[in-house]
Amino acid sequence: MKFNRKQLCIPYAVFLLLFVIAPLFVILYYAFTDGEGQFTFENLVSFFSSTNTIGTLVYSFALAITTTLVCLAIAYPTAYILARSGLKKKYALLLLFIMPMWINFTLRITALKEILTAIEGNIAAYPFLNSVIGMTYDFMPFMILPLYTSLQKLDNSLLEAARDLGANKFKVFMRVTLPLSVPGIISGITMVLLPSMTNYVVLDMLYNSTYIMGSLIGSFFNHYDWNNGSMISLILLVIIFIVTLVTNRFSDKDDNGRGAIL
Amino acid sequence: MTDSNIIELIDVRKVFDDETVAVDNFNLQVKKGEFVTFLGPSGCGKTTTLRMIAGFDLPTSGKILLNGKDISNLPPNKRPVNTVFQKYALFPHLNVYENIAFGLRLKRVVNTYKNDAGDSYTKKERLTKKEIDAKVKKALEIVDLEGFEKRSIGTLSGGQQQRVAIARAIVNEPEILLLDEPLGALDLKMRKEMQVELKNMHRRLGITFIYVTHDQEEALTMSDKVVVINDGDIQQIGTPTEIYNEPVNTFVADFIGESNIFNGAVVGKLKVKFCGATFDCVDDFELNQLVDVVVRPEDIIICKPGEGQLKGKVVSTVFKGVHYEITVEVGRYEIIIQSTAYAEPGKVIGMRVEPDGIHLMKPVYTINRFEGVITKNNTVEFGDGEFECDVTSLYPGSRLDDEGYLVTAAGEKLDLTGTKVNVEVDTHAITMSDDKDEGGAQGTIISMIYKGDHYRYIVRTEENEEDYVISCPDMWNTDDFVSLVIPKEKIKLSLKPAEND
C-alpha cells in the first residue's frame with residue numbers, strides 16, 4: 001500500500017486539530033465570556049486592574065529574566081571552552097552538562113532542595129534566590145546546547161582574520177565571536193526565558209509561595225474559574241508571541257537561528 | 001645590504017605538537033617591493049611558513065626579522081602584515097563595507113597638533129569616519145567593486161568575495177601582503193584574470209607580496225622570486241627563469257614544467273652519456289661522476305634519422321594547442337618532445353639536443369645507507385624494518401654453526417647479537433609489494449619521478465620516517481602503502497668501526 005504526502009499528514013492533522021486548534025478556541029471562548037456564557041471584556045479588565053495579577057506578571061518576568069541571565073553567564077563561558085578548546089575529553093564534558101536532562105525532574109529538584117536546606121537551613125527564607133537556583137539547574141542544558149552548536153561551527157580562520165587585521169583577543173571576541181554566536185544566544189534565551197515564566201512546580205517544591213504566571217493560572221482553574229484562567233493563558237500566549245517576534249528580529253540575519261526557534 | 005631586506009627568515013624551524021617537522025632550516029631574504037612565491041606540493045610546509053610570517057604559528061626555533069627587528073614572537077595584530085586567506089575568511093555578519101573597514105576601525109594613527117603655546121604634541125587617534133570612507137572607497141576601486149558597499153557577503157560570487165578579501169587586506173596598507181593560495185577556489189578562466197590583476201595591483205601598490213601556491217604556472221607567471229619547497233626544506237630560490245632553466249635537482253625539474261629525467265654519467269670533459277648516446281654539455285663535472293640529466297621537452301629538436309644524437313620510433317603524437325606532445329621510444333627509454341612540427345606515429349625520427357638544453361645535476365640518492373643492528377636470529381634491523389641477511393659476509397671465510405653462532409675462519413665462535421653495522425642497499429635491489437607481510441619494512445610512497453626507462457620512488461616508513469630510494473620499472477602511485485622486499489644477498493653489511501665502550 002502506498003501513501004501519498006497528503007495521507008501521511010493525516011495523523012498529525014488530527015492531532016493538531018484535537019490538541020492545538022480546538023483548545024485554542026476553547027480558551028478564546030472562555031476568556032471572553034463570563035460564568036453564564038455572556039460575551040464580556042471583564043476578564044481582561046480585571047487582569048490589568050488588579051495589582052495582584054500585575055504583581056505576579058512582574059515577579060514572573062523578574063524571575064525568568066534573572067534565571068536567563070544567570071544561565072547565560074554560566075553557559076557562555078562553558079560552551080566557549082567546550083567548543084573552542086582542543087580538549088580531548090570535551091565530548092565527555094558536554095555529556096556531563098547534558099546528562100541532568102536524563103534524570104527525572106522531580107528527583108533532581110528534591111535533591112536540590114535537600115542540598116539547599118543543608119546550606120541555608122530554612123529554605124523558605126530565600127524564595128527568589130532558591131527559585132533562580134532551581135530553574136537555572138533545570139534549564140542549563142537548554143542554554144548550553146544552542147550556544148555550543150553556534151560556537152562550534154565558528155570558522156577558526158575568521159578569528160585569525162580578525163587578529164590579522166589588528167584586533168587583540170578581546171576585540172576579536174567582541175567583534176567576531178560574540179556577533180556570530182548571537183543566533184545561539186537567542187535560541188538559548190528563548191529556550192530558558194519562556195518556560196521559566198510558567199514553571200511553578202520548581203517554586204512549589206522549593207517552598208516559594210509567591211505566584212508566577214503558571215501558578216496563577218493553576219489557582220484559578222483549581223477554583224473552577226475557567227474564564228479568568230483562560231484569559232491569563234491567552235495573555236501569556238500573546239506575551240510569548242511578542243517575545244518570540246522580537247528575538248527573531250534580532251537573529252533575522254542568520255537563517256539557522258530562526259529555524260531553531262520557530 | 002641586509003637593510004634593504006623587508007623580511008628575513010633565519011634558520012626557521014617549526015615542529016608541531018605531534019613531532020612532525022613542518023619546516024626546517026628555512027633561510028630567506030625578501031627585498032622591499034618583491035613578489036615572492038612559495039611553491040611546493042601540498043603539505044610541503046609553505047603555508048606553515050606563511051603562517052609564521054603572519055604570526056598565527058610561532059617558530060620552534062630561528063628568527064623572523066621585519067625591517068631588521070625580531071618579530072618572531074609578536075602576535076598577529078602587532079605585525080604590519082595582512083593576509084588574504086585561502087577561503088577568504090570574510091565576516092558573514094558584516095557587509096562588504098564593514099568587512100573592508102574592519103582593520104581601519106581598529107587602527108590608531110599618530111597625529112601631531114600644536115597647542116596654544118605653539119608647542120607641538122602628538123595624539124593617538126582613531127581614523128575619522130570620513131577617512132575610513134575614503135580609504136574603503138579607494139580599496140573598492142582598486143579591486144574593481146565600486147558600488148558593492150552595502151552588499152552582504154553571502155550574495156557575492158567566489159571571484160567577488162576574493163576581491164573583497166584582497167581589498168580588506170590592502171586597505172590597511174600593510175608592509176607585506178601574504179596570500180595563501182588565494183586563487184585556488186576559482187575556475188581556470190577567473191584564475192588567469194586574477195593572476196594578471198594581482199600582478200598589476202602589486203606593481204601599482206608597491207607592497208611586498210608573499211604568495212603561496214602549488215601551481216607552478218601561477219608561480220612562474222607572477223613572481224619576481226620563486227622559493228621551491230619540498231618536505232619542509234627549501235629546494236631552490238631563484239627567478240622564474242632560473243628555476244625553470246637551471247633546476248638544482250630532479251625534484252625542482254620535475255615539479256616545474258615538464259621534464260625528461262635520465263640517469264647519466266660524465267664520460268669526458270663536458271661530455272655526458274645518457275639514453276645510450278654521448279652529448280656535449282655545459283655543466284662541468286668530474287669524470288665518471290654519476291649524474292641526473294634533465295632535458296626539457298621543448299629543447300629536443302626533431303631532425304632526420306641519423307642526424308641527431310638519438311634515433312627513435314614515434315609512439316604517439318598529441319595536439320596540445322600551441323605544440324604537439326610527441327612520445328618517442330629510444331631503445332628502452334621513453335622521451336617526451338614538445339614541438340610545433342608534427343611527427344607521424346610509427347615513423348623513425350632523429351633527435352638533437354643542444355649543449356645548453358642539457359642540465360646535469362648531482363644525484364641526491366644513488367644508494368640507500370642505513371645504520372643497523374644484528375638481531376639474535378642473524379637478521380638485521382634497519383630503517384624501521386627487519387630483514388634477513390647474510391652475516392657471514394661480515395667475516396671473510398666464516399660460516400654459521402648449527403646453533404646459529406658465527407664461526408670465523410680461525411674457528412672463533414662469535415655471538416653477533418647487538419652488533420652495529422652499516423647497511424648499503426642499491427636502489428635497484430629493492431622491490432615493492434602490496435602484501436604487507438612480504439617485505440621487511442613498510443612505508444608510503446612520498447615521491448616518484450620518471451627517469452625515461454624506470455621510476456625513482458622514495459618510500460617513507462611511518463615510525464621513524466626513514467626514507468628508502470627505489471629504482472623500479474613498475475608503475476606505482478604516490479601515497480601507495482607498500483612493503484619493501486630486499487633479497488638477502490643484496491643487503492651489503494659492513495662492521496662499524498669499534499667504539500670505545
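Trainee: Where in α1(A) is the kink centred?

Mentor: Please bear in mind that this is a predicted model. The kink in α1(A) is centred on A:Pro11 and amounts to about 40°.

Trainee: How many of the 27 residues of α1(A) are buried?

Mentor: The count is two, so α1(A) is hardly covered; a residue is buried if 20 or more other C-beta atoms lie within 10 Å of its own. For chain A as a whole, 33% of the 262 residues count as buried.

Trainee: What does the secondary structure of chain A come to?

Mentor: Chain A has 13 helices and zero strands. Its C-alpha trace spans about 70 × 60 × 40 Å along the principal axes. Contacts along the chain may also be sorted by sequence separation. Among contacts in chain A between residues at least 6 apart in sequence, 71% join residues at least 24 apart.

Trainee: At what angle do helix α4 and helix α6 of chain A pack?

Mentor: For a helix pair, one reads the angle and the distance between the axes, and then the residues that meet. Helix α4 (residues 90–98) and helix α6 (residues 127–152) of chain A pack at about 145°, and their axes are 9 Å apart. From α4(A), the residues A:Leu94, A:Phe97 and A:Ile98 meet A:Pro141, A:Ile144, A:Leu145 and A:Tyr148 of α6(A). By class, this contact has seven nonpolar residues, with no polar and no charged ones.

Trainee: How many residues of chain A are in contact with chain B?

Mentor: On the side of chain A there are 16 residues, in contact with 17 residues of chain B. Both α7 (156–164) and α8 (169–180) of chain A supply at least two residues of the side that touches chain B. Of the elements on that side, α7(A) gives the most, with six residues. The residues of this side of chain A comprise seven nonpolar, three polar and six charged.

Trainee: Let us turn to strands. In what order do the six strands of the open sheet in chain B lie?

Mentor: Strands of a sheet pair through backbone hydrogen bonds, in either a parallel or an antiparallel way. In chain B, the order of this open sheet is β6-β9-β10-β3-β11-β12, and the pairing is mixed. The edge strands are β6 (81–84) and β12 (233–238) of chain B, each of which pairs on one side only. On average, neighbouring strands of this sheet are turned by 20° against each other, direction ignored.

Trainee: In which sense do strand β11 and β12 of chain B pair?

Mentor: Strand β11 (residues 225–230) of chain B pairs with β12(B) in the antiparallel sense, over five bridges.

Trainee: Is strand β8 of chain B buried or in the open?

Mentor: Strand β8 (residues 120–126) of chain B lies largely in the open, because the number buried among its seven residues is zero. Strand β7 (residues 108–114) of chain B and β8(B) pair in the antiparallel sense over seven bridges; in β8(B), B:Thr122 is the bridge partner of B:Thr112. The hairpin of β7(B) and β8(B) has five residues between the strands, and B:Gly118 takes a positive phi near 95° there.

Conventions:
Residues numbered from 1 in each chain as written. Chains lettered and ligands numbered in written order. Predicted model: local features only at pLDDT ≥ 70, side-chain atom pairs only at ≥ 80, totals over all residues. Buried ≥ 20, exposed ≤ 12 C-beta atoms within 10 Å, placed from the backbone. Helix = DSSP H or I, 4+ residues; strand = E, 2+ residues; numbered from the N terminus. Pairing = 2+ DSSP bridges. Contact = placed C-beta atoms within 7 Å. Nonpolar A, V, L, I, M, F, W, Y, C, P; charged D, E, K, R; others polar. Axes fitted to C-alpha atoms, helices over the stretch in contact; angles between N-to-C directions. Bend = angle between axes of the 7 residues up to and from the residue.
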